[in-house]
Amino acid sequence: AQRAAEEARQRMEKALGRSCIPQDFLDKSFENFVADTENLCGALDLSKRFVKGWEKAKAAGYGLLLYGKPGTGKTHLATSILKCLMPGVNGLYTRVSDMIGYIRTGWRSESPVSAYQAARHYVDIELLVIDELGVQVGSISEQTLLFEVIDARLSENRPTIFLSNLSPSEIVGVIGERLADRIKGKCVPYCFTGKSRRRALSASVF
């Protein structure tokens with residue numbers, strides 16, 4: 001039993017290593033999410049339902065669109081969902097800028113992976129969390145990359161969890177109506193209300 005537990009722990013550690021969950025969120029879980037308002041109770045409930053209904057979500061490619069002001073708990077819950085489903089599910093967390101940066105490295109002739117392979121890395125993953133959706137991604141070619149990855153995931157029924165500080169109507173202005181409409185058809189939206197939960201640091205931390 002001890003050996004089995006150790007093997008399970010190692011599998012989870014490897015999955016966590018591959019998932020790119022930020023260091024800040026590695027200790028976050030449903031258990032330590034402070035749901036002290038009706039809005040946050042609803043967010044926690046939706047996240048748990050997503051985990052419970054994973055087989056349905058996987059079959060149909062259903063995801064979530066979690067939006068609201070920074071510091072309200074979106075990343076905490078999205079990374080908790082990933083951890084609940086791992087290591088059985090291949091999950092990955094990425095910011096839009098990191099994803100585009102990685103795919104762009106494939107444009108260089110000396111790159112070991114092509115831009116196509118780099119993009120497929122994000123398309124093929126079972127569950128992808130895309131943070132900072134709606135952050136301006138710069139050039140037309142970068143916007144096209146973002147569009148292609150998201151469009152391919154939605155077309156191939158790959159569940160995606162989108163996180164954004166913008167409302168759905170504001171997101172349209174950045175990613176365009178067609179893609180926003182595709183996301184709307186595949187993702188359950190949830191608005192996080194309230195103020196940021198991040199505390200200001202004091203000198204006592206040193």
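A pocket, on a 1 Å grid over the protein atoms alone, is an open set of points where a 1.4 Å probe fits, with protein on both sides within 12 Å along at least five of seven lines, and its lining residues have an atom within 4 Å of a point. This is a predicted model, in which local features need pLDDT of at least 70 and side-chain atom pairs count only at pLDDT 80 or more, while totals for chains, interfaces and linings use all residues. Residues are numbered from 1 along each chain as its sequence is written, and side-chain values use heavy atoms, with hydrogens and water left out.

**First stop: the second largest pocket**

Select Leu 46, Arg 49, Phe 50, Gly 53, Lys 56, Ala 57, Tyr 62, Gly 63, Leu 64 and Val 188, and you have the lining of the second largest pocket. Helix H2 (38–52), helix H3 (54–60) and strand S1 (63–68) each give two or more residues to this lining; helices (H or I, at least four residues) and strands (E, at least two) are DSSP runs, numbered from the N terminus. H2 provides the largest share, three residues. The volume is about 240 Å³, taken as the space filled by probe spheres set on the grid points, which are joined across faces, edges and corners.

**Next: the largest pocket**

Now select Phe 25, Gly 71, Thr 72, Gly 73 and Arg 198, which are the closest to the centre of the largest pocket among its 30 lining residues. The volume here is about 790 Å³. H4 gives the most, with three.

**Then: salt bridges around Arg 120**

The whole structure holds ten salt bridges, each a side-chain nitrogen of Lys or Arg within 4 Å of a carboxyl oxygen of Asp or Glu. Show the side chains of Arg 120 and Asp 124, which meet at 2.6 Å, N to O. They sit four residues apart in helix H6 (residues 115–124), about one helical turn.

**Last stop: H9 meets H7**

Finally, select Arg 182 and Asp 151, joined by a salt bridge of 2.5 Å, N to O. Arg 182 lies in helix H9 (residues 177–186) and Asp 151 in H7, so parts 31 residues apart in sequence are tied together. Is Asp 151 buried or exposed? Asp 151 is buried, at 15% relative accessibility, where buried means under 20%, exposed over 50% and partly exposed in between (1.4 Å probe, protein chains only).
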